Amino acid sequence: ADEASVEIRSEVNVLEGDNIYDYCWFPLLRSNEPLTCCFLSTSRDHPVHLWDAYNGTLRATYSAYNHLDEVVPAYSTCFDPTG
């Protein structure tokens with residue numbers, strides 16, 4: 001195929017509430033082990049989300065709160081490199 005005609009398309013789409021600040025893939029991801037196929041994302045005015053990398057479903061939500069008990073966003077995310 002001609003390189004100019006190669007189409008790149010997403011396999012998984014996730015819907016975040018606003019601009020994404022950061023994302024991070026699970027460091028021990030193995031495509032043959034579905035439980036390890038996930039990533040984190042953080043966006044404006046929303047909690048941190050853990051997404052399934054196979055089908056784009058939300059696995060978990062992690063909220064941080066300020067001194068007024070309001071949800072505050074994380075500006076960056078990471079996993080412990082050892083999993």
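Buried means under 20% relative accessible area, exposed over 50%, and partly exposed in between, using a 1.4 Å probe and protein chains only. The views below come from a predicted model, in which local features need pLDDT of at least 70, side-chain atom pairs count only at pLDDT 80 or more, and totals for chains, interfaces and linings use all residues. Residues are numbered from 1 along each chain as its sequence is written, and side-chain values use heavy atoms, leaving out hydrogens and water.

**View A. Salt bridges in the whole structure.** Searching the whole structure turns up 3 salt bridges, each defined as a side-chain nitrogen of Lys or Arg within 4 Å of a carboxyl oxygen of Asp or Glu.

**View B. Arg44 and Asp18 in a salt bridge.** Here the closest N and O atoms are 3.5 Å apart. Arg44 sits in the loop between β2 (38-43) and β3 (48-52) while Asp18 belongs to the segment before β1 (20-25), so this pair ties together parts 26 residues apart in sequence; strands are DSSP runs of E, at least two residues, numbered from the N terminus. Arg44 is partly exposed at 37% relative accessible area, and Asp18 is also partly exposed, at 29%.

**View C. Asp45 joins Arg44.** These two side chains meet in a salt bridge with an N to O distance of 3.5 Å. Asp45 is exposed, its relative accessible area being 54%.

**View D. Asp52 paired with Arg59.** The side chains form a salt bridge at 3.1 Å, N to O. Asp52 is buried, with 11% relative accessible area, whereas Arg59 is partly exposed at 31%.

Key:
Helix = DSSP H or I, 4+ residues; strand = E, 2+ residues; numbered from the N terminus.
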